[in-house]
Amino acid sequence: VLFRSDSREAVEMLTTVFDKHSIFPLYIEVNVGQDRGGAQPTAAGIRPILDAIAGAEGRFVVEGLHAYHGGAQHIRDPLQREETMKPSVLLAKQAKDVIESYLAANKIQPQITLLAVTGAGSGTFAVA
């Protein structure tokens, strides 16, 4: 089971649903241009999620970011697809920087690892 969260409330709800000895992988969902969901890739958007994860007694291991812009995968022209994805890639990097800054400031250990960033489908792999 893998979870995505774009809010403090979602993390807090998940902590009440599962046994306190369960540990689940989690991706932080950030809005990188699709505008369907996701936290804003800013400190104000991401810090509350990180605070909730830090307070969840190790129930989650953040494995990465869910930075989805699915509409880009349907753009056939590679150059146009790359241009469409550039702002999304920058926003994902901004979110990563916010998380790394939080980790450094709060001396959080490896429950937040950022091993992966999900993106906009296989059609955008080469540009992300």
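**Terms and values**

Author: At 54% relative accessibility, Glu57 counts as exposed. The model is predicted, with local features needing pLDDT of at least 70 and side-chain atom pairs pLDDT 80 or more, while totals for chains, interfaces and linings use all residues. Residues are numbered from 1 along each chain as its sequence is written, and side-chain values use heavy atoms, without hydrogens and water.

Reader: Why is Glu57 called exposed?

Author: Exposed means over 50% relative accessible area, buried under 20%, and partly exposed in between (1.4 Å probe, protein chains only). Glu57 has 54%, so the residue is exposed. Its place is the loop between helix 2 and strand 3 (60-66); helices (H or I, at least four residues) and strands (E, at least two) are DSSP runs numbered from the N terminus. Glu57, which is not a glycine, has a positive phi near 55°.

Reader: What makes Asp35 exposed?

Author: Asp35 reaches 60% relative accessibility and therefore counts as exposed. Asp35 lies in the loop between strand 2 and helix 2 (43-54). Although not a glycine, Asp35 has a positive phi of about 60°.

Reader: How many aromatic pairs does a search of the whole structure find?

Author: The search finds one.

Reader: Why is the pair of Phe3 and Phe24 called edge-to-face?

Author: Rings of Phe, Tyr and Trp (its six-membered ring) pair if their centres lie within 6.5 Å; planes under 30 degrees apart are stacked, over 60 edge-to-face, and the rest tilted. The centres of Phe3 and Phe24 are 5.3 Å apart and the planes stand at 85°, so the pair is edge-to-face.

Reader: Which parts of the chain does the pair link?

Author: The pair joins distant parts, with Phe3 in strand 1 (residues 3-5) and Phe24 in strand 2 (residues 24-29), 21 residues apart. Both Phe3 and Phe24 are buried.
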